[in-house]
Every structure is written in C-alpha cells, then in structure tokens.
Amino acid sequence: MKILLPVDNSPLSEHAVSFVASRASLLGENPEVTLFNVQTPFSNQSALLGQEKIDAYYHAAEEKAFGEARKKLSMAGISVRERTAVGNPAEMIAEEADKIHPDLIVMGSRGRGRIAEMLLGSVTTGVLARTRVPILILRGDKAPEGKELKIGLAVDGSAYSEAAARYVVRHRHLFGPGNPFTVFTVVNDYSGHDYSMLYAMTEGRLTGDEAEKLEAEEFDETMRSIRPIFQEADVPVKEVCLHGNPSEQISEFAKSQQFDLLIMGSHGYNKFESAVLGSVAAHVLAATTIPVMVIRTAARLGDRP
C-alpha cells in the first residue's frame, strides 16, 4: 500500500504519523510511505539573506518535520521516503499525489464548529478540492488505536459510494483482520410531517404501511449496487437504514456507534468553493471529530474490488 503522509511537526501531523505507525502490520508487504513536507516561500525581501542562508533554513525546518516521524515509523518497521517542496501546501500535496499515485493520503485537520471556519483556507480542504486520491482526515485529540477498527461506511447508491465500498474491500487489511463493517444509508422519512403533507396534496393520504414500503424500497435501491461488492469478496457487513436529513443522520449515527473511522464517497466539484461547501461530506466533517475517509473517485462500470 502506498501512503502519502504530509508532516509539519504539528500535533495534527503527529496524530497522522501515529496512525500509520499503528497500522504497520496491516499495510501489506513492502508498504511505501512518503513523508512530505512543504515550506512557505520566502518573500522577495528575504532574498537579501542570500540563497545559502535560505537553503540552510529550509533544511533545518525539514529535518525538524521529518525527524520524529522518521523515528516513529522506523520503530514500527516502516521504511520511508522523504520529499520536500516550497509553495502553497495544498497545491504541493496535490501535485505530489499526482506524481506518486498513492493509495491514500493521511492528514490531520483541526477543524472548527462552523463549516466556513473549518473549511475555507484549510490545507485539508485545499487538498480535497485538488485531488481524487482517497484522503483519511484525522480529527480530535488523537488517532484511533488498536488493530481492529470499528468502521462505518455511509452510502447513497451513487458511483462514488460504490467506489468507497470497493476501496474498503480492496484495502480491508488496513482496518484489521476481524473488523466489523457497518454499511448504512439515509432514506427519506416518508412518515414525517413534511413529506406526509406534500403527499396528501398530490396523491392523497399516505398510510404508515405505505410509508414503510417506500422507505424499504428506497433502502433496497440504494444497497442494490453495494451488497454484491461485499458478497463477492466474502466480507460480512451489518446493514442499517436511517431516516431524515443525511448530514445530520450520518453525523449522529457515527457518534452513537462510536466508530473509529467513518468512510464516505463524495463527488465534489472542480471549483474550490463548490468542492467543499454544500456537500454532505463537508457538513459531516464540520459536525464530527471522528476520523473520516473521503473517497472522491467514482466507480467505473465493470470495476471489481
């Protein structure tokens, strides 16, 4: 497994390094971990210092960023490559991902309560907007520990959810040998007041049995493309159907189940703002401190785990 691991000597990157080190025995044979550090460019006025002093500063800063990470991963038996760049961190990380084609980018993100405060200008969001490589965003005070992680996979029947399911199956060793997978989706609350009123205006009264039938049909429709992925790989899962607002239900369910990791697909868009604001994934990231893995590559017809 190839992992791109941006580091900057902050507690956030330390959490990311700790997570990767804790998965050492689960990364498969000869895992490739690339430590990547991005330094801020000097201003034009700083050029008066001379290139030799600037290079010395960068070297010292890079060694500070790599030192502890290198040591921790080495103790876990993981050899690493070290690469550096100077520029905008989000742009440089995305460019590096394009060069080395990792299976996963692992990053820490502090976040805040409000979506705009959490996302706008953050390095993590900038990377999300610029790459389709799966990204594991570690939140909270520390990375999940233990070999077997409790995984929640949120799906919506889209090609992006299929890609997320295929990713989970393809890299299931990363999550632990006996890890339980919970696959869940959020359907319309057909028995809720808002839908019942709308239905009454157009179709007549909706009974409780009819509402349950519609919810079951929507659930089966969503799971139709997901079930075979796990069945073909002989990976058991627990299926759960939720009702209501997707963003709220996903966040609340993930918290109530105490997942170690929440995985979801997200299409995003090309524009920076559209890639993060308004999407279910963005709202979930803003509402939870649970680590979230975002899969942004759509499954193609004929793909197999």
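Analyst: Contact means heavy atoms within 4.5 Å. The model discussed here is predicted.

User: Which residues of α3 meet α5?

Analyst: From α3, Pro89, Ala90, Glu91, Ile93 and Ala94 take part, and their partners in α5 are Val123, Gly126, Val127 and Arg130.

User: Is the crossing left-handed or right-handed?

Analyst: The crossing in which α3 passes α5 is right-handed.

User: How many aromatic pairs are there?

Analyst: Ring centres must lie within 6.5 Å to pair, and planes over 60 degrees apart count as edge-to-face. The count by this rule is six aromatic pairs. One of them joins Phe175 and Phe181, with 6.0 Å centre to centre and 85° between the planes, an edge-to-face arrangement. Ring pairs also link Phe230 with Phe175 and Phe181 into a cluster.

User: Are Phe175 and Phe181 buried or exposed?

Analyst: Both Phe175 and Phe181 are buried. In the chain of 305 residues, buried residues make up 48%.

User: What do the totals for the chain show about secondary structure and contacts?

Analyst: The chain contains 12 helices and 10 strands. Among its contacts with a separation of 6 or more, 81% come from residues 24 or more positions apart. Its accessible surface is about 15500 Å², and carbon and sulfur atoms account for 49% of that area.

Terms used:
Residues numbered from 1 in each chain as written. Predicted model: local features only at pLDDT ≥ 70, side-chain atom pairs only at ≥ 80, totals over all residues. Heavy atoms only, no water. Phe/Tyr/Trp six-rings, centres within 6.5 Å; stacked < 30°, edge-to-face > 60°. Buried < 20%, exposed > 50% of the residue type's maximum accessible area, 1.4 Å probe, protein only. Helix = DSSP H or I, 4+ residues; strand = E, 2+ residues; numbered from the N terminus. Areas by Shrake-Rupley, 256 points an atom, 1.4 Å probe, with all protein chains shown as cover. Left-handed = near helix turned anticlockwise from the far one by under 90°.
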